[in-house]
Structure formats: structure tokens, C-alpha cells
Amino acid sequence: MKTIGELIQVPDVRTVIQLGDAENPEYRGSLVEEFVPTKEVEEFLAPFLRNIVDGEGRGFFITGNYGSGKSHLLTVLQVILEDNEARQVLAGKVLSREVSSSLSRLKSGKYFVLPISLLFHSAREYIEDIVIDSLDKKYPELTSFQSSRSDVMIELAEEKYPNEFKDFLMREGL
């Protein structure tokens with residue numbers, strides 16, 4: 001008589017996913033293959049992907065208990081935005097027409113993903129500094145970020161919010 005272990009094979013499953021796993025070629029493929037899109041995930045993906053496809057900026061919060069799949073979802077998002085084959089794998093798993101449609105409309109090679117885990121940063125750090133430091137680490141050859149970070153921020157503020165920027169300078173006596 002055979003034992004249960006001889007009848008059933010249980011593959012090794014990674015129980016903790018980290019944002020950096022999407023950068024690791026050993027894990028990258030399995031992130032999407034092992035991902036199970038639940039109803040809640042599809043409800044999140046629908047507006048998220050729609051906004052990306054439509055070219056609209058928008059912020060999203062992902063909340064959940066420890067081990068609920070937040071990091072796995074974020075790594076899957078990174079992989080599907082960077083890899084057309086992974087996008088097709090995910091499209092084969094989702095049930096929602098809206099999510100499938102958005103996945104098919106994503107453009108290959110168009111998206112720049114910069115994963116940043118805030119676990120490694122202090123609440124006192126400015127988000128701008130965190131982003132620029134992450135860019136410096138991922139692309140050290142682009143030293144212009146490091147040397148002119150305040151100039152870049154000032155130029156962006158003047159360009160995007162000219163009136164608010166002038167008001168701020170006047171209030172601060174600058």
C-alpha cells in the first residue's frame with residue numbers, strides 16, 4: 001500500500017515575498033505563475049490597470065494583514081509592467097473582462113518601475129529623498145540626481161505650481 005507522500009507531491013512554496021524578489025531572475029517567473037488573483041485582487045487591479053492604460057496618475061493604498069499577499073501583489077505588478085509574457089500568464093488567470101482588457105492594452109517596455117520598500121526608511125525622511133536615493137542605487141551612472149536634487153525639485157515646483165511656489169517663497173522670506 002502506498003503512503004500519502006508517495007501519491008501526492010507538494011511543491012516548495014515560498015511563504016514570504018519581498019519587493020526585491022522581482023529583480024531576482026530565479027524568482028521572477030514564479031511570482032506570476034504562483035500568484036492566485038482573488039476577487040479582492042481583481043477589484044484592485046481593475047481601476048489600477050485602467051489608470052495606467054489611460055495614462056492617468058493616481059495613488060493607491062494596499063492594505064492587509066501580515067501574510068495577506070501585499071508584497072506578492074506589488075511584485076506581480078512590477079513583473080507584468082516590465083514583461084509581456086508575464087502579463088499574458090496573469091491574463092490567463094483573471095476572470096474579470098475589465099482586468100483582461102487592461103492587461104492586453106498595456107504597452108511593452110513603456111513603464112518604469114522603481115520598487116521602494118518604506119520598511120527601510122525613517123518616517124522623518126522626505127519621500128523625494130527616498131525616491132532619489134533609490135534612483136541613485138538602481139542607476140548609479142546617473143549622478144545628476146545626486147548632485148542637483150534640490151535644483152531639480154525647485155525647477156519642478158516652479159513649472160508645475162508657479163503661483164503656489166511664489167507664495168511659498170514669499171511666506172518663507174526667500
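Me: Is Phe 48 buried or exposed?
Reply: In this predicted model, local features need pLDDT of at least 70, side-chain atom pairs count only at pLDDT 80 or more, and totals for chains, interfaces and linings use all residues. Residues are numbered from 1 along each chain as its sequence is written, and side-chain values use heavy atoms, without hydrogens and water. The relative accessible area of Phe 48 is 15%. Buried means under 20%, exposed over 50% and partly exposed in between (1.4 Å probe, protein chains only), so Phe 48 is buried.

Me: How many aromatic pairs are there?
Reply: Rings of Phe, Tyr and Trp (its six-membered ring) pair if their centres lie within 6.5 Å; planes under 30 degrees apart count as stacked, over 60 as edge-to-face and the rest as tilted. By this rule the count of aromatic pairs is 3.

Me: Why is the pair of Phe 44 and Phe 60 edge-to-face?
Reply: Phe 44 is buried at 14% relative accessible area, whereas Phe 60 is partly exposed at 26%. The ring centres lie 5.6 Å apart, and the pair is edge-to-face because the planes stand at 80°.

Me: Where does Phe 60 lie?
Reply: The pair links distant parts of the chain, with Phe 44 and Phe 60 16 residues apart. Phe 44 is in helix α3, and Phe 60 is in the loop between α3 and α4 (70-82).

Definitions and conventions: Helices (H or I, at least four residues) and strands (E, at least two) are DSSP runs, numbered from the N terminus.
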